[in-house]
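Hi,

Here's the structure I promised to pass on.

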Amino acid sequence: MSAATAGLKVRKNRPKDIPSIKYYVLREMLERRRISVNRFAEALGETVNIVKGTKGDFPMDKLDLCIELLNNWSGPRTGQVGLIKPGTSETVTKEMLLA
C-alpha cells in the first residue's frame, strides 16, 4: 500500500544545502522564557504552526529576528509573575537553533 492510497501526506523535505531550525530548541527556549508560542508567532509575523514546526518550514530570513525576540522579549509572559525558570538568562545563538 502506498502513502497516497493510505491517505497519508508526504512532506517534501527541505533541500540539504539549506539549513533548518531545531524546533525542539526553539520550543524549549520559549518555555524557559515563559513566552507564549502564539504571541511569539505574532511578533515574528508567522503562524503558530511554522513556529512549532508542524506545518511548513521556518523562514531562514527571519532567523535573526527570532533570535532578537528570544533574547530581548518585552512582551507578556505566561505563568505566574515572579517565577523564573532556571537557565532563562542563557543567550540564544544561531548555532543553538540551526541543525
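Let's start with a pair of charged side chains: Arg-32 and Glu-28 form a salt bridge, with 2.6 Å from N to O. Both belong to helix 1 and sit four residues apart, which is about one turn of the helix. Keep in mind that this is a predicted model.

Which other residue does Arg-32 pair with? It's Glu-90, where the closest N and O atoms are 2.8 Å apart. This one links distant parts of the chain, since Glu-90 lies in the loop between helix 4 and helix 5, 58 residues away from Arg-32 in helix 1. Together, Glu-28, Arg-32 and Glu-90 make up a network of salt bridges. Arg-32 counts as partly exposed because its relative accessibility is 22%, and Glu-28, at 34%, is partly exposed too.

The count of salt bridges comes to four. Another one of them joins Glu-46 and Lys-62 at 2.9 Å, N to O.

Now for the rest of helix 1. Its buried residues are Tyr-23, Val-25, Leu-26, Met-29 and Leu-30. What do the buried residues of helix 1 pack against? Helix 2, helix 3, helix 4 and helix 5.

Finally, the largest nonpolar core has 21 residues, and Leu-26 and Leu-70 are among those touching the most other members. Helix 1, helix 2, helix 3 and helix 4 each give two or more residues to this core.

Cheers

Terms used
Residues are numbered from 1 along each chain as its sequence is written. This is a predicted model: local features need pLDDT of at least 70, side-chain atom pairs count only at pLDDT 80 or more; totals for chains, interfaces and linings use all residues. Side-chain values use heavy atoms; hydrogens and water are left out. Buried means under 20% relative accessible area, exposed over 50%, partly exposed in between (1.4 Å probe, protein chains only). Contact means heavy atoms within 4.5 Å. A nonpolar core is a set of buried Ala, Val, Leu, Ile, Met, Phe, Trp, Tyr and Cys residues joined through side-chain atoms within 4.5 Å.
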